[in-house]
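Q: Could you show me, step by step, how a student should read the features of a structure like this one?

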Amino acid sequence: MTTGTLITVAPTGAESAKAEVPALPVTLDELLLTAKECEALGASVIHVHIRDDAACPTLDQGRLRETVAALREGTDLIVQLSSGGAVTDPEADRLAVLDAAPDMASCTMGTVNFGDDVFLNRWEFIVDLHTRMQERGILPEYEIFDLGHLAALSRLLDRYGLPHGGHVHVDFVMGVPGGMPGTTATLVAAQQMLRDLPAGTTFSATGIGRSTIPVMLASLSTGGHLRVGMEDTVTYAKGRPVESNMQLVARAVGFAQLAQRPPLTTTDARRLLGR
Ligand code: KMH
Ligand code: ZN
């Protein structure tokens, strides 16, 4: 059955520098304004990375808690904190993200080359993230950068059980240099592999850089949901920098409506994810 579309906005990320991408929301005020505007357009989940006073990525506990509280007070968005952080963040700090008690947190299902860097996700670390989220009632979004990560997820759920609430939601992050490509063929292969996961598993997809549009169209046509935002895309079209996260959410909403799968409200999104 085809449903409406869950739209996640990933407004900031840890990879782009404010100096190079001035429209990037890096302060709490900028993030909150972005969140409110994206919610009004049709986003229902926000995937959050935060920055420090110098606009550098941080996992500072006080700031994370303040951010979760501000987003809860100012919006009805489902608040998903990144446990991925930046490639340089230590595991202990990434695990401690859960102490800020978000509704959801990301859980990347394996190590992947990440441009010139390595995004390290050891099996024991994944198990720690998954089981702590189970204990604390936080819903994981399993981040899949490569097809083998889906086999790892199947193994994880077999050995350690379903997430709290029982719903499994994955996000295909496609087109990272070193991960799976952002193509329709790859998305279809990934979607077919979901057959090995529990019935009712839902998926979102995001294509990095120029793969954003092909991935969006492929996801909509295969029953998937969408993640968009300046974490993944800073060029709107050839030669045109993204002006704001709202511009990307508005485009996603337009595509979803064309596909006759309009954006889910936050209430419907909460129902879908069991939050
Ligand atoms: N910044 C990337 C190294 C996540 O948020 O969980 C990892 C990332 C994934 O963005
Ligand atoms: Zn992220």
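A: Grid points are joined across faces, edges and corners, and a volume is the space filled by probe spheres set on the points. This is a predicted model, in which local features need pLDDT of at least 70 and side-chain atom pairs count only at pLDDT 80 or more, whereas totals for chains, interfaces and linings use all residues. Residues are numbered from 1 along each chain as its sequence is written, chains are lettered from A and ligands numbered from 1 in the order in which they are written, and side-chain values use heavy atoms, with hydrogens and water left out.

Q: How many cavities of 30 Å³ or more does a search of the whole structure find?
A: The search finds 1 such cavity. The largest cavity has a volume of about 40 Å³, and its lining includes Ala14, His49, Pro57 and Asp89.

Q: What is the volume of the largest pocket, and which residues are the closest to its centre?
A: The largest pocket holds about 500 Å³ of space. Of the 29 residues that line this pocket, Glu15, Phe114, Val176, Ile208 and Glu231 are the closest to its centre.

Q: Which residues coordinate the zinc ion (ligand 2)?
A: Donors are N, O and S atoms within 2.8 Å of the metal (3.2 Å for Na, K and Ca), and water is not among the atoms, so sites may look incomplete. Here His47 (NE2), His49 (NE2) and Glu231 (OE) coordinate the zinc ion at 2.1 Å, and the donor residues follow the sequence spacing H-x1-H-x181-E.

Q: Is histidine 47 buried or exposed?
A: Buried means under 20% relative accessible area, exposed over 50%, and partly exposed in between (1.4 Å probe, protein chains only). Histidine 47 counts as buried because its relative accessibility is 2%, and histidine 49, at 8%, is buried too.

Q: What span should helix α5 have?
A: Helices (H or I, at least four residues) and strands (E, at least two) are DSSP runs, numbered from the N terminus, and the expected span of a helix is 1.5 Å times one less than its number of residues. The 13 residues of α5 (148-160) should therefore span 18 Å, which agrees with the 18 Å between its end C-alpha atoms. Just after α5, glycine 161 takes a positive phi of about 90°.

Technical notes
1 Å grid on protein atoms, 1.4 Å probe; cavity = no way out; pocket = protein on both sides within 12 Å on 5 of 7 lines; lining within 4 Å.
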